[in-house]
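Subject: Structure handover

Hello,

Here is the structure for you to look through. Please open it first, then read the notes below beside it.

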Amino acid sequence: MLTESARQALQQAAEGFDYEPEVKTIGTGDRIVRTDYSACNQFPEVGLYPEFKQAFQSLMDQACARLDDYPFSTPLQFTELVLQRYAPGQLGITPHRDSLRAINLIALVNLSGQAEFYRCDDRQGTNAVLLDTNPGHVIFLRAPGFLNTSVRPFHFLTNIRSIRYSLGLRQRIENKR
């Protein structure tokens with residue numbers, strides 16, 4: 001997805017941001033999700049990350065324009081960027097689905113590092129499928145509104161072998177949790 005020079009520039013910039021720890025347990029009973037990583041969602045209005053978001057949006061718009069049928073129930077417009085930093089020894093994140101506030105499509109861009117990212121059937125990690133998250137690769141996850149469905153796939157990240165920076169792009173609606 002990314003040229004090597006673009007990936008390196010994004011990764012170097014990622015190293016200079018401030019991150020907040022995301023170490024918590026959410027939910028109860030059989031709906032528990034554990035997180036152990038750091039995140040940054042504050043970016044300057046001008047710079048490499050806003051430029052990347054706009055370029056990525058343009059690329060997605062061009063790709064969708066070539067389709068016979070538009071795949072989203074509302075126009076795709078990425079409204080959120082979040083950088084996640086995972087370090088060796090951290091848990092990562094257990095099987096979960098993204099919030100109902102994320103609609104249409106979620107794009108996860110691995111900027112650097114090695115970890116295992118899986119798509120699975122449930123919170124127990126049943127039928128886990130390892131996805132390719134080599135640096136520069138993008139994982140697309142369905143969100144409500146994609147092909148007029150409400151699908152939110154379960155996924156998780158584990159076995160962090162080197163510092164991993166990933167960039168998430170989401171379209172958020174503000175009236176849902």
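Helices (H or I, at least four residues) and strands (E, at least two) are DSSP runs, numbered from the N terminus. Buried means under 20% relative accessible area, exposed means over 50%, and partly exposed is in between (1.4 Å probe, protein chains only).

Two notes on the source. This is a predicted model, in which local features need pLDDT of at least 70 and side-chain atom pairs count only at pLDDT 80 or more, while totals for chains, interfaces and linings use all residues. Residues are numbered from 1 along each chain as its sequence is written, and side-chain values use heavy atoms, with hydrogens and water left out.

**Helix α2**

The expected span is 1.5 Å times one less than the number of residues. Tyr49, Phe52, Phe56, Gln57, Met60 and Cys64 are the buried residues of α2. They lie on the same side of the helix, because they cover an arc of only 135° around the axis. The arc is taken from the directions from the helix axis to the C-beta atoms. Glu51 and Ala65, on the other side of α2, are exposed.

**Helix α1**

Helix α1 has 12 residues and reaches 17 Å from its first C-alpha to its last, close to the 16 Å expected at 1.5 Å a residue. Its buried residues include Arg7, Leu10, Gln11 and Ala14. These cover an arc of only 100° around the axis, so they are on the same side of α1. The face turned away from that buried side carries the exposed residues Ser5 and Gln12. Among the elements that cover the buried residues of α1 are α2, β3, β5 and β10.

Ala13 is partly exposed, with a relative accessible area of 25%. Leaving aside neighbours within four places in sequence, Ala13 is in contact (heavy atoms within 4.5 Å) with Leu48 and Tyr49. Ala13 and Leu48 are 35 residues apart in sequence, and their C-alpha atoms are 7.9 Å apart in space.

**Nonpolar cores**

A nonpolar core is a set of buried Ala, Val, Leu, Ile, Met, Phe, Trp, Tyr and Cys residues joined through side-chain atoms within 4.5 Å. In soluble globular proteins, nonpolar side chains tend to be buried together. The largest core here has 26 residues, of which Tyr49, Leu83, Leu111, Leu167 and Leu169 touch the most other members. The elements giving two or more residues to this core are α1, α2, β3, β5 and β10. Helix α2 supplies the largest share, five residues. There is also a second, separate core of 16 residues, which includes Tyr37, Val82, Ala102 and Ile160.

**Aromatic pairs**

The structure holds 11 aromatic pairs. Rings of Phe, Tyr and Trp (its six-membered ring) pair if their centres lie within 6.5 Å; planes under 30 degrees apart count as stacked, over 60 as edge-to-face and the rest as tilted. Phe56 and Phe140 form a stacked pair, 6.3 Å centre to centre with 25° between the planes. This pair links distant parts of the chain, since Phe56 is in helix α2 and Phe140 is in strand β8, 84 residues apart. Phe56 counts as buried at 2% relative accessibility, whereas Phe140 counts as partly exposed at 40%. Ring pairs link Phe52, Phe56, Phe78 and Phe140 into a cluster.

Arg170 lies in strand β10 and counts as buried at 8% relative accessibility. Its side chain makes a polar contact with the side chain of Asp98 (2.8 Å). A polar contact is a pair of N or O atoms within 3.5 Å; within protein, one must be able to donate a hydrogen and the other to accept it, and residues adjacent in sequence count only if both atoms are side-chain atoms.

Gln171 is also in strand β10 and counts as buried at 8% relative accessibility. The side chain of Gln171 reaches the backbone oxygen of Pro75 at 3.1 Å and the backbone nitrogen of Gln77 at 3.1 Å.

Regards
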